[in-house]
Protein chains: 2
Amino acid sequence: MDPRVPADERILQAALARIAVDGLGAPLRTVAQDAGVSAGLIIHHFGSREKLLDACDQRVLEVTQQQKHSALTGGGGAMLAQLAAAEEYAPVVGYVLRRLQAGGPLAQRLIEDFVAGAADYIEEGVRAGVISPSRDPEARVRVLVHMALGSLVLQLPGQHSPLDLADLPRWMREYTDSLVAPLLELYTTPLLTDSSLLETYLATQPEPAAGPGGSAPSTDRSTP
Amino acid sequence: MDPRVPADERILQAALARIAVDGLGAPLRTVAQDAGVSAGLIIHHFGSREKLLDACDQRVLEVTQQQKHSALTGGGGAMLAQLAAAEEYAPVVGYVLRRLQAGGPLAQRLIEDFVAGAADYIEEGVRAGVISPSRDPEARVRVLVHMALGSLVLQLPGQHSPLDLADLPRWMREYTDSLVAPLLELYTTPLLTDSSLLETYLATQPEPAAGPGGSAPSTDRSTP
DNA sequence: TATCGTATTGAACGTCAGTTCAGCCGTGGG
DNA sequence: CCCACGGCTGAACTGACGTTCAATACGATA
């Protein structure tokens, strides 16, 4: 790899790409080889494997924060698709997908970020009159984002099958394309012909919670 | 564990439960301890760790096949919730969630099974008049199931955080409950106020594919 | 030039996990 | 009674991986 960029940066990028391809749990030595350095140097710069992953997480958050204004067209995952289209970001997107797949704190954090971003976008749509208002906008956005990201994660190859980074943009585009038609139909024509289900359900439920957190389940992630 | 049931069966059940709790990659020795046998005996009976997982997969398929007629109320994941409610099945459900999380062939297979099951259920709803017909029923079911299962998988704890089996029924119920209100709204009131998006999109697309496989992307799982 | 600190390496270490293997033990048949 | 055999164990082997460490190369500084 290009030795003009400092070793620690090379290591970070190699780690993002390698983990995107091989999944979390990619061996340190593999990352080292990709970066053209020894395994010991990674420890020297980052302290431990864990810390290296922390640095990757940090980098990811920087990139996604800076891209926050991106559109969430189509249900949520399209921001990722859009990012992945700029091929320099493919490693970051692949890493994000692997993180979402693996679960854990960063996954939750990223999901919340996506929810927040989508909330703004959806609200705009509501103001513009192209999206229906909701009784519980927070809960609705949460559901939409969970479904969009979740269905994307389900398409990932196994944790030990490689993810082809060069092919990632095409792959994501292909999948999101396959979703557009049924999603548009689903979001245009009501799935349920009878609104009595909703009404009777609402009749038995209290008003949607007003405070932050909405109707999400317990946030205790330790014993779900 | 009860020594009246044969050792190989005890091992299988221990493996299902332990993997549900600790994720795939739970050490053989841990499973062995749970089953009250030595690690060597697992190899003796199943040949290798890989083969043991194959046996678990087989067992899962038997259980889900036999439960195929279950309802998919609420969007798809509810079959799992229903199964998990019968606490003897909690290990199987946990194992399925771990498998879906990890991706790979069994995950794809299970998803396809769920799609098939949901297709029947949805079709019934359409005939009964409570669910709108679709231009592309297969694609619609696929999207619904992917979204339902995907959002569920996203809620799982990290692969190395334990999943509390005893709490699984309550946990799943809590999550699906939190989905009911926004989902009912989403499926009763059109999200998009204007059908022109759908119409203009359909105008640029050919008829939905008629053959099996629908509008799914390439089925090549090796290099997505 | 001498020196010091930083970057970097390659070998070695400890651990963990899957697998192998030699043997033990109880049971049923000769 | 003896023995063979299948279930079963525990120790040992092997490979992978994170981490440590002593040694080296290099560049800045006095």
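**Figure 1. Salt bridges between chain B and chain A.** Two salt bridges link chain B and chain A in this predicted model; a salt bridge here is a side-chain nitrogen of Lys or Arg within 4 Å of a carboxyl oxygen of Asp or Glu. One of them pairs the side chains of E185(B) and R135(A), at 3.8 Å from N to O.

**Figure 2. The contact between the two chains.** 66 residues of chain B are in contact with 66 residues of chain A (heavy atoms within 4.5 Å). Together the chains bury about 6000 Å², with 63% of it on carbon and sulfur atoms; this is the accessible area (1.4 Å probe) lost on being put together, summed over both parts.

**Figure 3. DNA strand C and its closest residues.** Of the 15 residues around DNA strand C, those that come nearest are S38(A), H45(A), L28(B), R29(B) and R49(B); a residue is near if one of its heavy atoms lies within 4 Å. L28(B) places a backbone N or O atom 2.7 Å from a phosphate oxygen, while R29(B) has a polar side-chain atom 2.6 Å from a base nitrogen.

**Notes.** Residues are numbered from 1 along each chain as its sequence is written, and chains are lettered from A and ligands numbered from 1 in the order in which they are written. Local features need pLDDT of at least 70, side-chain atom pairs count only at pLDDT 80 or more, and totals for chains, interfaces and linings use all residues, while side-chain values use heavy atoms, with hydrogens and water left out.

Definitions and conventions
A polar contact is a pair of N or O atoms within 3.5 Å; within protein, one must be able to donate a hydrogen and the other to accept it, and residues adjacent in sequence count only if both atoms are side-chain atoms. Buried area is the accessible area (1.4 Å probe) that two parts lose on being put together, summed over both.
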